[in-house]
Amino acid sequence: MEHNLYIYNTLSRRKEQFIPIHENKVGMYVCGPTVYGDAHLGHARPAITFDILFRYLKHLGYKVRYVRNITDVGHLENDADSGEDKIAKKARLDELEPMEVVQYYTNRYHKAMEVLNVLPPSIEPHASGHIMEQIDFTRKILDAGFAYESEGSIYFDVEKYNKKYQYGKLSGRNVEDMLETTRELDGQGEKRRSVDFALWKKAAPEHIMRWKSPWSEGFPGWHIECSAMGTKYLGAEFDIHGGGMDLMFPHHECEIAQSTAALGKESVHYWMHNNMITIGGQKMGKSLGNFITLEQFFCGNHKLLSKPFSPMTIRFFILQAHYRSTVDFSSAALEASERGLSRLMEGYSRLQKLTASSNSSVDTTGLRTKCEEAMCDDLNTPIVISYLFEALHGINLIHDGKDTISASDLEELKSVFTLFVEDILGLKPDNQASFEIEAYKHAIDLLLNMRLEAKQNKDWATSDKIRNELIALGFEIKDTKDGFEWKI
RNA sequence: GGUACUUUGGCCGAGUGGCUAGGCGCCGGUCUGCAAAACCGUUUACGGCGGUUCGAAUCCGCCAAGUACCUCCA
């Protein structure tokens, strides 16, 4: 395969050329949502980041298996000594079945991803559907001697593991330091060391979500689902594992330890982490309570939002920053993105209507290569977007008759725009044309043609009436040299 | 306290040694019966102090400010 895709590997802290384990095939695993609440802006970032990677790998010609899990068991509340997990707690508060809560938020997550034009992954495994695999994985770690049982729970023996392998390599920590600095938490009496983590947790009597295991009735630990499901669907070794930077430690560190302990080798070749979205310079997160849900963005229903923002604006806003940088949310920043996107998409539609000349006075060569190079440089979407804006400038000049383009250059330009705007960046016009919409468009055209006639008769009263009333209904009317354009 | 990282023009945000992205906004212009929109043009920045170099936003050192992780979090 001819390409020079470089991606930043958190393990080595540098960009590395991407070479898959199996030629022409890529396995990637990304940590998905915990479905006990609505997705917020922060959840959109990894979804979009790895959607871009998924799309780009496919564009390069790979057959990609993209696994993104749904976490519906196992994450402990920090105040829950009893080992009550988040799903169960929420369920009891709402007096719903746990799986009802899971289903509700999973559906809403899917809906949000769909409107963001995030492609569905190849496999979306639920943790609750892979209890057996997690038990088997835990048993492998026990058999390898890197875990111990304590009162019905199984814990990973970090100190022992660290003697043979290296615990902390991903996040740059060492066990000795951690033993000194880790805070004392409650409920750690069963563990030998504070750094040890649960692989299987015995359920307290009031705990709703529980499964039988060789050790106790309980539930799997915080990190085991990704090791178990990742290797189940992608193999003992696979190419890419992604997720948010906040999962680097402890979650991904523990995953590495689990997989290495169970399988004797590291599973993941490239670890990729997207940075956080901040709000007022601070991370947007559930625990800080400073998050804005995607639905609130779409409805404009939040005190920090000046207006509703379309899913494509959110997507574009995220793509305008590199995925490894923090990006600071503000209503003003989103408004800027909205205008930029609107201009880009109008130019894209304008491009479709350009007429070719016998030769080109604009230089469009190299756009495809430049965009490919930017994508190959660790998915540098902001650079791709900047090239598209530069090309947009040319499109506008041609549209204004100040420049010309040949038929073959026009075809190439259209092809590049379709490829990068739609296929790779996944941007699409917000108002998707449909059959009903066509009729309605014709009606508006009719009105505006009447206005045109009135104008020709210098009947300004009528022409202004039509324009003003349409504007009052939310339309934007633009007069052009020989007619009009409009949008809503 | 430990670890990792950040600091770019009015705002957002790329950029790792010379060619000094891009968007939004501002301002000027074109178009227009008026207006709006659109389009065109303009707007030169890299936290501070040293150092390396012919040359640094980019490398090194110190200082300052800020963030993340170390507990569930995308």
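Which residue in E13 is the bridge partner of Thr 278? I'm working from a predicted model here, and in it the partner turns out to be Lys 283.

Next I looked at the strands around that bridge. E12 covers residues 277-279, and I found it paired with E13 in the antiparallel sense, over two bridges. I then traced the whole sheet: it is open, has three strands and runs in the order E13-E12-E14. The pairing in this sheet is mixed. Strand E13 (282-283) and strand E14 (327-329) are its edge strands, and each of them pairs on one side only. A reminder to myself: strands of a sheet pair through backbone hydrogen bonds, either parallel or antiparallel.

Then I picked Asn 274, which I located in strand E11, residues 268-274. Is Asn 274 buried or exposed? I put it down as buried, because its relative accessibility is 2% and the cut-off for buried is under 20%. I also looked up what Asn 274 touches, leaving aside neighbours within four places in sequence. Its contacts include Arg 45, Pro 46, Gly 243, Met 245 and Tyr 323. I checked Ser 325 as well: it is 51 residues from Asn 274 in sequence, yet their C-alpha atoms are 7.7 Å apart in space.

My last stop was helix H15 (residues 435-456), where I found Leu 446. I noted Leu 446 as exposed, because its relative accessibility is 55% and exposed means over 50%. Together with Leu 447 and Met 450, Leu 446 forms a nonpolar patch on the surface. The accessible area of these three residues together is about 280 Å².

Conventions: Residues numbered from 1 in each chain as written. Chains lettered and ligands numbered in written order. Predicted model: local features only at pLDDT ≥ 70, side-chain atom pairs only at ≥ 80, totals over all residues. Heavy atoms only, no water. Helix = DSSP H or I, 4+ residues; strand = E, 2+ residues; numbered from the N terminus. Buried < 20%, exposed > 50% of the residue type's maximum accessible area, 1.4 Å probe, protein only. Contact = heavy atoms within 4.5 Å. Pairing = 2+ DSSP bridges. Patch = residues over 30% accessible without salt bridge, like charges linked within 9 Å, V, L, I, M, F, W, Y side chains within 5 Å. Areas by Shrake-Rupley, 256 points an atom, 1.4 Å probe, with all protein chains shown as cover. Salt bridge = Lys/Arg side-chain N within 4 Å of Asp/Glu carboxyl O.
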